[in-house]
Amino acid sequence: MAYIEVKNISKSYTMGEVVIKAIDNISFDINKGELVVILGPSGAGKTTVLNILGGMDTADKGKIIIDGVDISKYKKKELTNYRRYDIGFVFQFYNLVGNLTALENVSLASQICKHPKDSMETLKSVGLIDRINHFPAQLSGGEQQRVSIARALAKNPKLLLCDEPTGALDSKTGKKVLSVLQETCHKSAMTTIIITHNAIISEMADKVIKIKNGKVEDIVINEKPKLVEEIDW
Amino acid sequence: MLIYKNSFKKIKKSLGRFISLILIVALGSAFFSGIREASSDMIKTMDEYYDNTLLMDYKIVSTMGLTDSDVISIKELSDDLIVVPSYSFDIEVNGEITRIHSIEDNVNKVNLIKGNMPTKIDECLVEDGTYNIGDIITIDDNDYLSNNKYTVVGTITSSLYTYKNKGIASAGDGKLDTYIYIPKDNFDMEYYTEIYIRDRNSIDYVAYEDEYLNEITKLENKLKELKPIRETIRYEEILKEATDKINEAEDKLIKEKNDNGKKLEDAKNILDNNKKTLEDARIKWQNGMEELEQTKVNTERELTNAKNELERGREYYNNLLSEYGIKESELESNLNSINENITNIQNILNNLEEGSSEYQQYKLMLDTLTKNKENIELLINTKNELDNSEKTIKEQEALWNTKYNEALKELESNYEQILDGEEELEEGYNTYYDNYNKYIEEINKAETEIEDARSELASIEKPNWYLLSREDNSGYTNFYECATKIDSIAAVFPIFFMIVVFLMSLNTMTRMIEEERGEIGLYVSLGINKLKIVSSYMFYVLIATSLGLIIGLSIGYNGVPHLLYSVYEANFIIPKLNTYIEIIPCISIILITILLMVIVTIITINKNFKYMPATLLRPEAPKKGKKVFLERIPFIWKRLSFTWKVTIRNLFRYKKRIIMTILGISGCTALLLTGFGIRDSVSSLIDIQYNNIHKYDAMLILKDEQVSINNDINNLLGEKNIKDLLYTHMESYTFNTNGKKVDTYVLAFSDMDLLDKYITINDLEGNKLNLSDNGVVITEKMAELLDVGVGNTIQIRNSDNELFILKVEGICENYVNSYIYLNNTYYEKVFGEFTYNTIITNVLDNDYEKLSEELIDSDYFSSVQYTSDSISILNDIIEGMNNIVYLIIIASSLLAIIVLYNLTTININERVREIATLKVLGFHDKEVSTYVYRETIILTIIGIILGLFLGITLNLFVLTIAETEEFLFIKDIHLISYIITFIIMIIFTLVVEIMTYFMLKKIDMIDSLKSVE
């Protein structure tokens, strides 16, 4: 049994009188420690998938089993706890608390977890040991994103979800961020899902789930995923 | 045009903000315009009432009444004057002290509520709420009216009587209860009791306002000039009248003396003559009597002598008879026989010769016989003599008796005549004396009357004209007092309020434009004219402002004045409030508000135009985090949780927002606290003044000044259970401050022990002050107004403008009116003779009205002033002040809620991403809200504490402005008010947090994470 099983989930939004099917009967599995890229054009429904996986939204239909637990029937409070203990998020716009230093931003997340990783260690692992006392505004975009990754990792989650983590970065910095993600995934067997519309990024993934029009178009398993450094932008 | 369409979309999108913007403007403009307008509406309403009822500008009353020539002379002052002589007097009617007025058409027109104006002479109008139409009122016991019975045909109100206390009356207990208007023809008085004057120009000016006062002062000056002239004329008139009367009386007296006196004298002379005659007659009678008696005695004696002689003759005769032995009856026969014998003898003899013995014998015989014959002849002669004599005596006696009786009879009749005469004389005398006494009595009476009239004439004082303006009408002035109290208290509030409103709208707009910087950037990058962009926001703002102004002004112009006026309707008899919209203030409020909002919009948008469109399109760079000083104390810092750290850093980072929040909250707190503070101040004022300082129940004003304590008065009051009488000299004086005349009362005492019982004279630290022989103690407000301290001197003037200089030896606590306290010794040093004219005391009896009436009836007292009456007047003013305080409290509370809501929503909106992040990170709702609210709560508490301090200042400021010469406000705010303000603010904060909690819960994690706002 796969670590994460997504079975036949559907989600539709009602916008006025129009019902938009964001995702329609999507299913896929992800194994523990896998680096998965969910790839699709804008509006394909990939973010909805991520939201549902991350416990920020619920599916209308279908099951999501994570580490043997079905979260699809979770209530609001259970979802909050799920996010709190099991999920690490990396956002496109980093979403760091501006008034906390890098270290504090990481600690802010870790302090509410049951088994957090050491904040300093995580920052060190993303290569920011000498920036720990800087405020977000004093960091570059890439650095901020790395703090954001460190914050997600420090929670020691079961699943790391990244929503267009390089969307707001130039390619060079983006690469750096992605390599951090790849490294942590491989090093600490952290199940990582990256959402992107950038097909190139999928080269670094163990598994690529292509979504189009709310449906899974294809699932490709890269036998030999490239290291980020090897990917040509 | 799309850009404006977008504005409508914005309204829809941020309805909360839009509504709060409207509410802020509405609240601000309602409060500003309402309070501004309230007192002006009240004054205008009253002015209209005064104008419609042709309320007099001046009233002249005189101690000696007024005449037609007074009226003419006033008319001559100016063509603009309407001069109406009128009648009124006070009398008890059905137990109510009632003023009977004559109905006038040209002045003080009554305001008919029900019924009709009188058409017949015996119809009357009564105060609304007293009698019913159809009632018949009897006005007895007066010399002023030709008719005593009146039928009520209408009920009225009068602009002369707008206050529930109608003033002083000259009858009963001295308090006027009601009034009745009757047709003028009913008055049967020698002179007018008052003259009303209206200035045709004054109607153009609003009552109470400076223009009106100026106009009226011109009139007053003219009247003041006229006053002494007319007083003198009237004085002379009265003097002449009185002198004429006296002269007439004197003439009459003299005539009386001449006429009746003469008559009486004549009568007396006649009587005296008669008396003399009678007396003479009596003497004559007496003499007659005596003479008669004498004659009687003489005559009787003569008769007795004659009788005795006769008796003796008889005796002798009888003896002779017996000697001769002859019986009287035999005498004649003897004689005859003898004669015969003789003849015989003779014959014998003749025949006998002489010498014969015979002859000799016969001759002897003859001799014997002749002798016998002689004897008998003697006897017969004697007898005849005796008989003759007896006959004579008897005749004489009879004659005498007749004569005597006649004389006696005559005398007796004379006597009777005398007696009758005497009786008649006595009656005559009695009548005379009666008449005489009557005459003397009348003369005396007339003389006393003249004497009295003379002394009265001497004591006729110059008549005094009293010039009474509207200001002397308690309704007129009290209303103004109440209306301006609102004004003075309200004066600073709206400004303060507007500042808070301005800050809040600035805050809201800043936030809005920051949120929409992307949109602005887009417009700019699309090449849309800056002006158009600005105008699109302006459009939004102006819609909100306009709606806010419409709501605010309609509440402000209609609701607020009515609310405030309603309090006064309980204490004043006044027409319904008319609300006026004064164009200039109204437009200026609108313009100022719009201008402020426009400035706010331009300021905030312009800031964004400085950036390049690209920068605008990008999210605003997070503000730089900064280390705060607390971090340098690792001991504390390390112990703080991250959320606390964020909170503390935030507090130091978003300075603008923090300042806004603190200012907003402290502003509201200060307003609230000031509201409570004013309430505290005014409510404790009465309590302290009349429970702690002036502790007496009543001031009994003596009719005549007393040099010493009067036992009759003591006994009279003792009977009424009024004891411990503090005899006082009380007099009203004025002092000048800032060019204004302020009244003060001089109270001088001789009994210091009783003084302690009734008046507390403590210095400002609460230590008792003693009245010394060298100076006075003055009240705090007076010292403040005159800017004097202990050791300085003050100048006061009496009603005759005489100046007195007093040395200040102490300043005492006092809150209402100004007083100068001193002892009798110092009084005499400064003012002259010390007399008592007032008794300060406590009254156990609760029936004040009855007591007043009894005391005034006793003729010792002219009036009685009860402390409770002063309290009730003050209460009316304070009630009005309280109402505005409640309005301030409510408005401040509303403002506080809006401010808090606004600040909290802004805080939340600004940090939506942060909050969403926390939510995504798995923070529970409670943790999130704590994280957000902690800041608000800290700021609120700081704001409240700051606000409490600000409130103390504001309260002090407002009260200082609101303070008039007659009040000293207690500027301490009660502890409970601080606590209540604090609690209210905390409750508001919590309420707002509960409201916004749902907002927090609703924040959508997904949306907020993705997009940049």
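Select helix α2 (residues 76-86) of chain A, where Thr80(A), Tyr82(A), Arg83(A), Arg84(A) and Asp86(A) are buried. A residue is termed buried if 20 or more other C-beta atoms lie within 10 Å of its own, exposed if 12 or fewer, and partly exposed in between, with C-beta atoms placed from the backbone. Helices (H or I, at least four residues) and strands (E, at least two) are DSSP runs, numbered from the N terminus. The model is predicted: local features need pLDDT of at least 70, side-chain atom pairs count only at pLDDT 80 or more, and totals for chains, interfaces and linings use all residues. Residues are numbered from 1 along each chain as its sequence is written, while chains are lettered from A and ligands numbered from 1 in the order in which they are written.

Next, display the surroundings of this helix. The buried residues of α2(A) pack against β4 (61-66), β6 (87-90) and β7 (159-163) of chain A, together with α21 (912-920) of chain B. Contact between two residues requires that their C-beta atoms, placed from the backbone, lie within 7 Å.

Now show the whole of chain A, which has six helices and 10 strands. Of its 233 residues, 52% count as buried. Among contacts in chain A between residues at least 6 apart in sequence, 69% join residues at least 24 apart.

Within chain A, select the open sheet of four strands, ordered β2-β1-β4-β5 with antiparallel pairing. Strands pair if DSSP finds at least two bridges between them. At the edges are β2 (18-30) and β5 (69-70) of chain A, each pairing on one side only. Strand β1 (residues 4-15) of chain A is joined to β4(A) by five bridges, and Ser10(A) stands opposite Lys61(A) in β4(A).

Proceed to the boundary between the chains, where 23 residues of chain B are in contact with 26 residues of chain A. On the side of chain B that touches chain A, α13 (642-653), α21 and α24 (1005-1010) of chain B each supply at least two residues. The largest share, six residues, comes from α13(B). Coloured by class, this side of chain B divides into 11 nonpolar, five polar and seven charged residues; Ala, Val, Leu, Ile, Met, Phe, Trp, Tyr, Cys and Pro count as nonpolar, Asp, Glu, Lys and Arg as charged, and the others, Gly among them, as polar.

In chain B, select strand β4 (residues 96-102), of whose seven residues six are buried. Strand β3 (residues 88-93) of chain B pairs with β4(B) in the antiparallel sense over six bridges, with Asp90(B) opposite Arg99(B). Two residues separate the strands of this hairpin, in which Asn94(B) takes a positive phi near 50 degrees. Strand β9 (residues 178-182) of chain B pairs with β4(B) in the parallel sense over five bridges; here Ile100(B) stands opposite Ile180(B).

Finally, select the open antiparallel sheet of chain B, whose four strands follow the order β2-β10-β1-β11. Its edge strands are β2 (81-86) and β11 (465-469) of chain B. Helix α3 (residues 68-75) of chain B lies across β1 (58-66), β2 and β10 of chain B, at about 170 degrees to β2(B).

Technical notes
Axes are lines fitted to C-alpha atoms, for helices over the stretch in contact, and angles run from 0 to 180 degrees between N-to-C directions.
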